[in-house]
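This report looks at selected side chains and at how aromatic rings pair in the structure shown below.

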Amino acid sequence: MTISSGGGSATNSGIDYQQRVASLFLAHLLLDIDVSYILEIHDSAKIAEVSFETASCIDDIEIKLIDGIRVLIQAKRKISFSSSKNSQFCSAIEQFVNEYALNTDTKNFYILATSNQTSSKITYELRKILESIRINDSGFINNPLNKSEQRTFTDYLSITRNCFRKSLKRNVTDEEIYKFSKRVKVLVLDVEQSMGLEKAILTLLADRTQVNPNLIWAALISNSIYFSSKRLSINKEGLLSKFGNYLSKDTETENNKSNKEELIKWEIKLIDKVASAREILLIESFVEQADYLMVELIRFNKDCSRRFTFKKNHCLLPNGSSWTVIYRCSTYAGMERILEEKQDHFLKDKKIIVIPANLNKGEDVENSLCSTIHSELCDTLLSKNKEPLSCLHCGKSISGVASVAVEIDEIDVESILGSVHLSCLQPVDRVIGIIDSQFSKDYRCLKKFDFQLWAKQLWRGQYRFASFRDTSIVQQNIPRIVWQSDYTYNSTYSFCVKINLENGTARYISQRGKLDRMNLVEAEKTASDFNNSFEASKDTDPFCYTSKTYTYGSYSQLLRIKGSDERCIKCVSAEVAKYNRVLEKTYNQCDNFYAPVFIILDEITELPLQIQKRVAMMTDPLDFENYIENWKNAGINIVNYEIKIIESDWEFDMFVASVFQSKTGLVVDPIIDQNQDFIKAIFIEDGNRLLKRAGNIEL
């Protein structure tokens with residue numbers, strides 16, 4: 001079987017949506033990652049077991065969480081809202097009801113997982129209704145259902161009531177239906193090739209596996225088919241027996257733990273425990289016969305007090321004198337590795353004398369009581385480090401960059417254990433181990449890149465860039481994004497504007513994929529302006545929304561850009577609506593419209609990489625090596641650099657504003673030819689500058 005990026009070969013082999021959804025949860029089980037963000041629940045949720053084609057009433061996928069709650073999933077890539085008894089939708093509700101009827105006091109969830117290909121009556125209207133019931137919101141009162149939503153609500157009640165009557169052999173009250181509905185969710189999971197959720201999973205796999213993440217993803221899909229055909233269940237131990245050899249050791253830990261403490265213990269190459277008894281110091285020589293001395297010291301007195309202390313670049317001795325420290329390690333082997341890794345030229349042709357500690361024969365200081373107590377302390381300090389894979393000095397990720405594990409115990413400095421870049425290492429940082437991650441070896445180009453942060457932000461981010469991916473564009477047709485600086489964050493206003501459509505449905509005015517919240521005066525004016533526009537254009541070129549992507553524009557504009565299976569739905573009127581949480585959860589299409597992206601900084605100056613006087617922004621870390629190769633072929637060879645993630649839209653706006661203020665341009669994912677001209681890219685243009693230049697243009 002040929003494996004292509006994103007598990008595409010699996011798709012070409014006929015793997016359906018159900019297996020991809022199952023594989024999504026298998027990946028989270030394998031990596032021991034919280035799935036609450038996918039299930040849209042507030043409490044943390046880790047998977048204990050995944051079952052396929054179960055004997056329960058809901059027979060697609062069953063997930064058992066560690067806390068015992070079961071999540072039963074019907075996965076349908078494309079499903080229509082239909083009240084017909086033989087429809088897929090009625091069948092799904094009937095399965096949910098039958099399972100719920102077995103235990104009406106359950107805390108289990110019943111989930112219809114589907115894609116954006118599904119009818120908006122399910123992905124928007126029913127999802128909104130269920131969310132409103134679940135959180136007991138006042139949405140139905142403050143923001144009444146439109147005609148289409150009311151029909152959906154009425155039909156849902158009728159379908160559910162009939163299913164209960166069939167299952168329980170009696171009629172049920174609306175309150176019983178509402179109690180059941182609090183356990184039902186509609187989740188839009190776009191896990192198909194190159195979509196956001198698949199990219200997030202590939203990113204997490206890349207951080208935790210020793211082979212191409214596309215191979216692991218394809219293998220998970222293949223295993224899902226097998227598990228489904230045999231009606232099997234699998235837990236983490238079962239997955240590790242299949243994939244454990246391909247994982248970095250930080251994933252396959254003792255007792256199958258995967259918390260941050262265990263993560264760094266595996267990333268740091270230690271022997272049993274932190275070596276606490278000795279100090280191995282490279283110091284400036286205080287004797288004429290040598291340039292430097294390598295001194296071994298015993299760290300503790302018999303009463304466990306420190307024999308020596310450290311401050312800045314000095315070792316302070318009991319007699320009041322001090323030595324100037326070059327490096328400090330816990331073992332001779334550690335010192336040898338540091339000297340090998342650092343490759344300091346100042347030591348070339350220099351004479352070093354080694355002065356060992358004066359120990360009694362057979363004396364085992366490493367297993368002394370004082371050393372054992374301190375090692376226990378080190379374990380505790382290690383577990384308290386909330387960011388074990390971030391440099392203790394600069395705060396940046398250690399991925400892709402030579403790093404070591406250190407203990408910091410200077411005078412007047414809080415003791416801490418963690419990771420430090422070799423370039424950030426201070427003379428009295430006590431080196432206790434090396435950082436050895438297969439991921440860092442496989443993705444050397446991703447210097448100081450935080451993969452876990454990236455995957456978290458990517459799940460509901462990069463909404464604006466999604467439409468540009470995987471398109472072949474020539475230089476004359478490079479797409480341009482017009483950016484403006486007047487977007488308002490964290491609005492607390494209580495009103496929004498609803499657009500009523502001719503088919504009885506509605507949309508809400510949004511900015512950057514989020515519900516646009518306004519004060520009452522602004523909302524009334526906005527609604528009035530829209531109504532005037534609708535009236536003026538209704539007989540010539542009416543304003544519409546497309547039926548699937550909900551793109552807004554004039555009828556003539558939308559005809560040129562809509563999909564072949566989309567219709568243009570005319571806008572009838574606009575009105576002020578009261579904001580509520582249900583609307584936000586239903587109509588917000590993303591958390592970040594632009595972010596996450598990353599930029600390439602010069603390691604010394606921290607200035608961003610520019611190509612043709614445009615700052616380069618990147619959207620796909622797994623493909624970054626190919627961009628580096630392309631730029632190198634065009635004469636742009638980046639060597640001493642690091643990566644900075646722009647994780648939120650707020651940070652994106654601040655950065656873009658500063659770039660435009662400096663009269664510099666922006667380019668996203670640039671592919672260039674031998675003349676450094678852009679062949680494939682996305683340009684970001686300054687909308688404020690364009691407005692000043694053109695006077696009045698439509699953005």
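## Buried residues and ring pairs

Gln18 has a relative accessible area of 11% and is therefore buried, the cut-off for that class being under 20%. The model is a predicted one. Gln18 belongs to helix H2, which covers residues 17-31. Leaving aside residues up to four places away in sequence, its contacts are Glu53, Asp60, Ile61, Ala75 and Ser228.

Aromatic pairs number 29 in the structure. One of them joins Tyr124 and Tyr550 in an edge-to-face arrangement, with 5.2 Å from centre to centre and 80° between the planes. Tyr124 is part of helix H5 (residues 120-135), while Tyr550 is in the loop between strand E21 (543-546) and strand E22 (552-554), so this pair ties together parts that are 426 residues apart in sequence. Tyr124 counts as buried because its relative accessibility is 13%. Tyr550 is buried as well, at a relative accessible area of 14%.

A further pair is formed by Trp454 and Phe598: the ring centres are 5.7 Å apart and the planes stand at 75°, so the pair is edge-to-face. Here too the pair links distant parts of the chain, 144 residues apart, with Trp454 in helix H16 (residues 451-458) and Phe598 in strand E24 (residues 597-602). Trp454 is buried, its relative accessible area being 0%. Phe598 is likewise buried, with a value of 0%. Both rings belong to a cluster linked by ring pairs, which also takes in Phe624, Tyr627, Trp631 and Tyr641.

| Charged residue | Ring | Distance from ring centre |
|---|---|---|
| Arg183 | Phe109 | 4.4 Å |
| Arg507 | Tyr124 | 4.5 Å |

Tyr124 thus has two partners described here: its ring pairs with that of Tyr550, and the charged end of Arg507 sits over it.

What makes up the nonpolar surface patch of about 230 Å²? The patch is made by Phe286, Val287 and Ile355. Of these residues, Val287 is located in the loop between strand E7 (278-284) and strand E8 (292-298). Is Val287 buried or partly exposed? Val287 is partly exposed, because its relative accessible area is 30%. Gln18, by contrast, is buried at 11%.

How values were computed. Residues numbered from 1 in each chain as written. Predicted model: local features only at pLDDT ≥ 70, side-chain atom pairs only at ≥ 80, totals over all residues. Heavy atoms only, no water. Patch = residues over 30% accessible without salt bridge, like charges linked within 9 Å, V, L, I, M, F, W, Y side chains within 5 Å. Areas by Shrake-Rupley, 256 points an atom, 1.4 Å probe, with all protein chains shown as cover. Salt bridge = Lys/Arg side-chain N within 4 Å of Asp/Glu carboxyl O. Helix = DSSP H or I, 4+ residues; strand = E, 2+ residues; numbered from the N terminus. Buried < 20%, exposed > 50% of the residue type's maximum accessible area, 1.4 Å probe, protein only. Contact = heavy atoms within 4.5 Å. Phe/Tyr/Trp six-rings, centres within 6.5 Å; stacked < 30°, edge-to-face > 60°. Lys NZ or Arg CZ within 6 Å of the ring centre and 35° of its normal.
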